[in-house]
Amino acid sequence: MLTVDIYSGDMPLTPDEIFSLTGAVAMVGWIILILGPRRFAWLNAVPMWVIPGAIAAVYSVLILRFFGEAEGGFDSLQAVASLFESDWALLAGWIHFLAFDLFVGAVMAGRMDRAGVGRIVQAPILGATLMFGPMGFLIAGLTELCLRFKLLPTNKRKAESSHVDA
């Protein structure tokens with residue numbers, strides 16, 4: 001069993017190794033989210049809770065171990081730039097994005113499922129969330145808003161209108 005003393009000077013992996021590992025794990029979550037069937041609740045929990053939770057645990061270890069050592073802060077753009085000169089702080093920032101973007105993508109996918117947005121439409125929206133987090137969130141939110149005002153067709157409405165026409 002791997003044990004890590006987060007307060008000692010040594011980490012069992014380098015920042016590059018942790019970067020690669022967390023990125024690969026996050027990508028598994030995105031693949032499940034975009035391509036996997038949503039009819040299984042346990043499978044839906046993987047990209048929404050399991051993977052972001054595991055990545056958040058890695059983030060927490062990095063923050064607890066290295067945040068106090070990094071120069072800089074959050075009070076100016078220059079202070080943030082200085083903070084991210086530390087590889088460990090930069091890695092923690094990246095992992096923050098990985099965890100939150102995947103979680104937000106999973107939440108938005110569930111909302112779009114309930115709103116009747118087809119998986120073909122969801123795929124590029126989720127891809128935008130993967131690559132450009134807040135922009136994908138905005139597109140998903142606008143899509144849902146348009147559906148609420150019935151400005152866009154949905155799978156549910158198509159089925160209802162074909163049933164009424166028959």
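Modeller: We will begin with confidence, then turn to the charged pairs, and end with a helix.

Biologist: Where is confidence lowest and where is it highest in this protein?

Modeller: This is a predicted model, so confidence deserves a look before any detail of the side chains. The protein averages a pLDDT of 88, and 86% of the residues score at least 70. The lowest confidence falls in helix α6 (residues 155–165), with a mean of 55, whereas α1 has the highest, at 97.

Biologist: How many salt bridges does the structure hold?

Modeller: The general idea is that side chains of opposite charge can pair when their charged atoms come close. In this structure there are three salt bridges. One of them joins D113 and R38, with 2.6 Å from N to O. D113 belongs to helix α4 (residues 87–115), while R38 sits in the loop between α1 (15–35) and α2 (41–66), so that the pair, 75 residues apart, links distant parts of the chain.

Biologist: Is R38 buried or exposed?

Modeller: R38 counts as buried because its relative accessibility is 17%, which is under the 20% cut-off.

Biologist: Which residue forms a salt bridge with R111?

Modeller: The partner of R111 is E144, and the closest N and O atoms of this pair are 2.6 Å apart. Here too distant parts of the chain are linked, since R111 lies in helix α4 and E144 in helix α5 (residues 119–148), 33 residues apart. R111, at 34% relative accessibility, counts as partly exposed, whereas E144, at 8%, counts as buried.

Biologist: What is the distance between the closest N and O atoms of E69 and R65?

Modeller: In the salt bridge between E69 and R65, those atoms are 2.4 Å apart. E69 is exposed, with a relative accessible area of 51%, because the cut-off for that class is over 50%. R65, by contrast, is buried, at 11%.

Notes: Residues numbered from 1 in each chain as written. Predicted model: local features only at pLDDT ≥ 70, side-chain atom pairs only at ≥ 80, totals over all residues. Heavy atoms only, no water. Salt bridge = Lys/Arg side-chain N within 4 Å of Asp/Glu carboxyl O. Helix = DSSP H or I, 4+ residues; strand = E, 2+ residues; numbered from the N terminus. Buried < 20%, exposed > 50% of the residue type's maximum accessible area, 1.4 Å probe, protein only. pLDDT = per-residue confidence, 0-100.
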